[in-house]
Amino acid sequence: MAESSNHHEAVREEEAVKHERIFMDGDGTRWQVREMAFSQYDRRRGRSLIFWSDGAVRRVRDYPDNWHELSEDDLARLSWKI
């Protein structure tokens with residue numbers, strides 16, 4: 001039964017991640033960005049972009065559908081959107 005539970009958790013995590021990219025900002029910081037579904041505990045529904053580097057994590061909830069096609073400069077600017 002534990003295998004089934006682990007399999008379902010892996011499938012949910014896989015479904016939660018839609019796109020992922022790595023880019024460098026203008027300061028030379030390496031960022032990873034991933035589009036993810038809101039937590040199952042969040043009463044809002046939808047997706048957000050999670051940006052993370054060695055020194056920071058940012059969440060952006062309002063972003064364009066084609067974010068994964070944006071230039072590195074545009075992604076860096078998007079990461080500051082509140």
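Helices (H or I, at least four residues) and strands (E, at least two) are DSSP runs, numbered from the N terminus. The model is predicted, so local features need pLDDT of at least 70 and side-chain atom pairs count only at pLDDT 80 or more, while totals for chains, interfaces and linings use all residues. Residues are numbered from 1 along each chain as its sequence is written, and side-chain values use heavy atoms, with hydrogens and water left out.

**Aspartate 25**

The loop between strand 1 (17-24) and strand 2 (30-37) holds aspartate 25. This residue is buried but has no salt bridge. Buried means under 20% relative accessible area, exposed over 50%, and partly exposed in between (1.4 Å probe, protein chains only). A salt bridge is a side-chain nitrogen of Lys or Arg within 4 Å of a carboxyl oxygen of Asp or Glu. For aspartate 25, the nearest side chain of opposite charge is arginine 58, 5.9 Å away; Lys and Arg count as positive and Asp and Glu as negative, with His and the chain ends not counted.

The side chain of aspartate 25 does reach backbone atoms. The backbone nitrogen of aspartate 27 is at 2.9 Å from this side chain, and the backbone nitrogen of threonine 29 lies 2.9 Å from one of its polar atoms. Neighbours within four places in sequence aside, aspartate 25 is in contact (heavy atoms within 4.5 Å) with Trp31 and Ala76.

**Salt bridges**

Side chains of opposite charge can pair when their charged atoms come close. The whole structure has 4 salt bridges, including those in the table.

| Pair | Closest N to O distance |
|---|---|
| Arginine 34 and glutamate 20 | 3.0 Å |
| Aspartate 62 and lysine 81 | 3.4 Å |

Arginine 34 forms a salt bridge with glutamate 20. Arginine 34 lies in strand 2 and glutamate 20 in strand 1, so this pair ties together parts 14 residues apart in sequence. Arginine 34 is partly exposed at 21% relative accessible area, and glutamate 20 is partly exposed at 38%.

Glutamate 35 is buried, with a relative accessible area of 6%, whereas arginine 47 is partly exposed, at 24%.

Aspartate 62 pairs with lysine 81 in a salt bridge. Aspartate 62 is in the loop between strand 4 (57-60) and helix 2 (72-79), and lysine 81 is in the segment after helix 2, so the pair ties together parts 19 residues apart in sequence. Aspartate 62 counts as exposed at 52% relative accessibility; lysine 81, at 36%, counts as partly exposed.

Terms used
Polar contact = N/O pair within 3.5 Å; in protein donor to acceptor, adjacent residues only side chain to side chain.
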